[in-house]
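Here is a short report for a first look. Keep the sequence and the 3D view at hand as you read.

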Amino acid sequence: LKYIHSKRTIIMAMDIETINLKRDDIQVIISVTLSYSISNTNEINTIQCLIDNELLLIDKDLAIKDLWTRFYKDLIKLLSKSRIRKVVILSHNLGSFDGIFVYKSLIELDNLFHYKGVKTLIDKENKFIEITATPKLDPVINIIWRDSLRIFPVSLQSLCDIFEVEGKLSPYQPIFNKLSTLLDTPLLNTLISYGRQDSLSLYQALSKAQ
């Protein structure tokens, strides 16, 4: 079967949200969100995967692996079903933050990605410019992450203002970064919505720019 989108590159926007685990003082990813549109109606859809709260408290590494596994399986399934050969996922902080999480997940999930097929382009400050990966489940697909901040070196809210799209619904709250957020359902839902809106806003701004 021919890939119906083989002549053009599909663009998606990604957002990552993290919290700080006090016991080892490191940032742990708890949410990955993708916004995209691949239909003729231009309807914007979302893939969002959340950490397993209970598993996180028992085994942090296993919980993170589980989160990324579910996310990548959903993404690969979508791309395969839609006959998409090439996709560029844009993140507004890939260079120094999001890229670390993405790259680490790709090289650790050797059941989903070819280790030798994970390639990076970095600058002289060792910041990610681009990350490329090929999924084992459908090796014809080429997934590329790029840093949208290098294209538009302004904050996400400023980017939304420039292209006149709805930006953040509320400012980031420092309490989002605490482990207690996972135990506070209303607050956790607010953080989930925050990540979804960031992903949606970035996608809308970049789509309009394109």
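Which residues make a nonpolar surface patch of about 380 Å²?

## A patch on the surface

Leu57, Ile58 and Leu183 make this nonpolar patch. The model shown is predicted.

Leu183 sits in the loop between α5 (156-162) and α6. Its relative accessible area is 69%. The cut-off for exposed is over 50%, so Leu183 counts as exposed.

## The largest core

The largest nonpolar core has 52 residues. Trp68, Tyr72 and Trp145 touch the most other members. Helix α2, residues 60-81, gives the most to this core, with 10 residues.

Trp145 is then in contact with Met14, Tyr72, Ile89, Leu94 and Val102, among others. The list also includes Leu106, Ile129, Glu130, Ile131 and Ala133.

## A second core

A separate core holds 13 residues. Among them are Ile144, Leu156, Leu159 and Cys160.

## Tyr203 in helix α6

Tyr203 lies in helix α6, which spans residues 185-209. Is Tyr203 buried or exposed? Its relative accessibility is 9%. Buried means under 20%, so Tyr203 counts as buried.

What is Tyr203 in contact with, leaving aside its neighbours within four places in sequence? Its contacts are Ile11, Met12, Ala13, Ser35, Tyr36, Ser37 and Ile44. Val140 is 63 residues from Tyr203 along the chain. The C-alpha atoms of Tyr203 and Val140 are separated by 25 Å.

Note on methods
Residues are numbered from 1 along each chain as its sequence is written. This is a predicted model: local features need pLDDT of at least 70, side-chain atom pairs count only at pLDDT 80 or more; totals for chains, interfaces and linings use all residues. Side-chain values use heavy atoms; hydrogens and water are left out. A nonpolar core is a set of buried Ala, Val, Leu, Ile, Met, Phe, Trp, Tyr and Cys residues joined through side-chain atoms within 4.5 Å. Buried means under 20% relative accessible area, exposed over 50%, partly exposed in between (1.4 Å probe, protein chains only). Helices (H or I, at least four residues) and strands (E, at least two) are DSSP runs, numbered from the N terminus. Contact means heavy atoms within 4.5 Å. Patches are made of residues with over 30% relative accessible area and no salt bridge: like charges are joined within 9 Å, nonpolar side chains (Val, Leu, Ile, Met, Phe, Trp, Tyr) within 5 Å. Accessible areas come from the Shrake-Rupley method with a 1.4 Å probe; for residues, only the protein chains shown count as cover. A salt bridge is a side-chain nitrogen of Lys or Arg within 4 Å of a carboxyl oxygen of Asp or Glu.
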